[in-house]
Amino acid sequence: MVDVLLGLQWGDEGKGKIVDYFAKDYDVVARFQGGPNAGHTLYVGDKKVVLHQIPSGVFQKNKLNLIGNGVVLDPVTLKRECDTVAGFGVDLKQNLFIAERTHLILPTHRALDKAAELSKGNQKIGSTLKGIAPAYMDKTGRNGLRVGDLLDKNFTTAYIKLRLKHQRLLDNFSFDEDITGWEEEFFDALEFLKQLNIVNGEYFINEQLKNGKRILAEGAQGSMLDIDFGTFPFVTSSNTISAGVCSGLGVAPQTIRDVIGVTKAYCTRVGSGPFPTELENATGEELRKIGNEFGATTGRPRRCGWIDLVALQFACMINGVTKIVMTKADVLDSFSELEVCTSYRVNGKETKQIPFRLDRLPIEPVYKQFPGWNTNTTSAKTFGDLPQTMKTYVEFINNYLGVKVNFISNGPGRDQIITI
Ligand code: GDP
Ligand code: IMO
Ligand code: MG
């Protein structure tokens, strides 16, 4: 059985913390898409860790963690992260597995990402510059190199061939940064990667399923950043939605049981692109300050706004969400009034659907107001401990979405989560 946990907004919903919490109930945690553009924060004791490539189940005892074929892997980030994780006493030989079909991010992919973004000027996507789009382009363009290729004696020849192709593209962009340092690091990290458990991911995971093991598929980014259903072109380059699990791990659709969607009690976005409920005012500043909304991967300030139920309902629909986790509810503790976006007004017409190109339309969010709770909720342990005003807010969301908020996270700590 496979359960999926993924983000319902534009990323950074708190997936890392929630996967770490849920991992106790699973045997395997597997990443199925994305790469080092992800930054998943969790706490081990009082130490904060941000994971980019390694699944967030890695700190739970006796769990297997798989980096699936749908991921794009930067060996340099992976090596650095393995060192951090090993510093906590985690034995990666025992619990980290990498699918041989996983595509590699080369130093020139990072250079191409940077060059492409620069060339877009004020139309830039706001990419994390980790080489994600160029790596996925080489995958779909059938040029990419995969983890399994590392074990082939012709790997260096294939690398040089692809590097030359990239060089021509970089020359077109007039990109002339010296990346020899990046390449040295890369080749050093490849030697490290070869020592890890490289497996046939699809047989690995199906064997686990056959033996009755429970799998948690960990999403990266968020549904509104999905390459097909997100706010294209301001998206990432993979299928972040539940459909990506089958192709990103090699599991069949009927093995999937729950799709657990994570949403903040409000909304954030990092990078460019449409964000209808964005608050470019003191309230937005307040959310950023209290929520400490700065990117876990790039440190950029996150754009903040009210919760958007039009976008959330869309995300629930395309993912088939069965359970919702609402994170960062505590961030709203001190707001006297809250707003919830229930529809969009586009050229005078109200709609509850996501239009084709949000970025090209004047979208005016229609809000319903709710009183705030003005109570510190960070030490609440049960639903009963929560103020009635918060319950009203959550119940409205349940009714609108037709899917229940089953968990409320009321702080970044490992134990700050309430089951409803
Ligand atoms: P992810 O990418 O979805 O894993 O999320 P990030 O780690 O990028 O961002 C979530 C941030 O919110 C991290 O700094 C978490 O420590 C923090 N966080 C997670 N859940 C909560 C919560 O319920 N309350 C508060 N205040 N912070 C939280
Ligand atoms: P996690 O897993 C938030 C955003 C970038 C940019 C766009 C494309 O931590 O939720 P890319 O580097 O993928 O080409 O960037 O997507 N983005 C994220 N935003 N959280 C993430 O991951 C993100 N990964 C990419 O800011 O707008
Ligand atoms: Mg993040």
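**Figure 1. The largest pocket of the predicted model.** A pocket, as the word is used here, is an open set of grid points with protein on both sides within 12 Å along at least five of seven lines. Keep in mind as you look around that this is a predicted model. In the largest pocket there is about 930 Å³ of space. Its lining is made up of 48 residues, and those nearest the centre of the pocket are Ile125, Ser127, Ala133, Val235 and Ser237. Three helices each bring at least two residues to this lining: helix 4 (107–120), helix 5 (132–140) and helix 6 (155–172). Helix 4 has the largest share, with six residues. Sorted by class, the lining of the largest pocket holds 19 nonpolar, 19 polar and 10 charged residues.

Figure 2. Strand 3 contributes the most, namely four residues. Seven of the lining residues are nonpolar, 11 are polar and nine are charged. This pocket lies between domain 1 (2–101 + 198–260) and domain 3 (263–419), because both domains give residues to its lining.

**Figure 3. The domains of the chain.** The protein chain is divided into domain 1 (2–101 + 198–260), domain 2 (103–193) and domain 3 (263–419). Between the C-alpha centres of domain 2 and domain 3 there are 36 Å. Where these two domains meet, six residues of domain 2 are in contact with five residues of domain 3.

**Figure 4. The largest cavity.** Searching the whole structure turns up one cavity of 30 Å³ or more. The volume of this largest cavity is about 30 Å³. Its lining consists of Leu8, Gln9, Trp10, Cys267, Asp308, Ala311 and Leu312. Five of these residues are nonpolar, one is polar and one is charged. Domain 1 and domain 3 each provide at least three residues of the lining.

**Figure 5. Helix 4 packed against helix 7.** Helix 4 comes back into view here, now with helix 7 (residues 180–195) as its partner. The two helices pack at an angle of about 140°, and their axes are 9 Å apart. Helix 4 and helix 7 are therefore oblique to each other. On the helix 4 side the contact is made by Pro107, Arg110 and Ala111, and these meet Trp182, Glu183 and Phe186 of helix 7. By class, the contact has four nonpolar residues, no polar ones and two charged ones.

**Figure 6. Two backbone details to look for.** Most residues other than glycine have a negative phi, and most peptide bonds are trans. Phenylalanine 232 and proline 233 are joined by a cis peptide bond, with omega about 5°. You will find proline 233 in the loop between strand 10 (215–218) and helix 9 (243–249). The other detail is leucine 129, a residue other than glycine with a positive phi, near 65°. Look for leucine 129 in the loop between helix 4 and helix 5.

Definitions and conventions: Residues are numbered from 1 along each chain as its sequence is written. Chains are lettered from A and ligands numbered from 1 in the order in which they are written. This is a predicted model: local features need pLDDT of at least 70, side-chain atom pairs count only at pLDDT 80 or more; totals for chains, interfaces and linings use all residues. Side-chain values use heavy atoms; hydrogens and water are left out. On a 1 Å grid over the protein atoms alone, a cavity is a set of points where a 1.4 Å probe fits but cannot get out, and a pocket is an open set with protein on both sides within 12 Å along at least five of seven lines; lining residues have an atom within 4 Å of a point. Grid points are joined across faces, edges and corners, and a volume is the space filled by probe spheres set on the points. Ala, Val, Leu, Ile, Met, Phe, Trp, Tyr, Cys and Pro count as nonpolar, Asp, Glu, Lys and Arg as charged, and the others, Gly among them, as polar. Domain bounds come from an automatic or database domain assignment. Axes are lines fitted to C-alpha atoms, for helices over the stretch in contact, and angles run from 0 to 180 degrees between N-to-C directions. Angles under 35 degrees count as roughly parallel, over 145 as roughly antiparallel, 65 to 115 as roughly perpendicular and the rest as oblique. Contact means heavy atoms within 4.5 Å.
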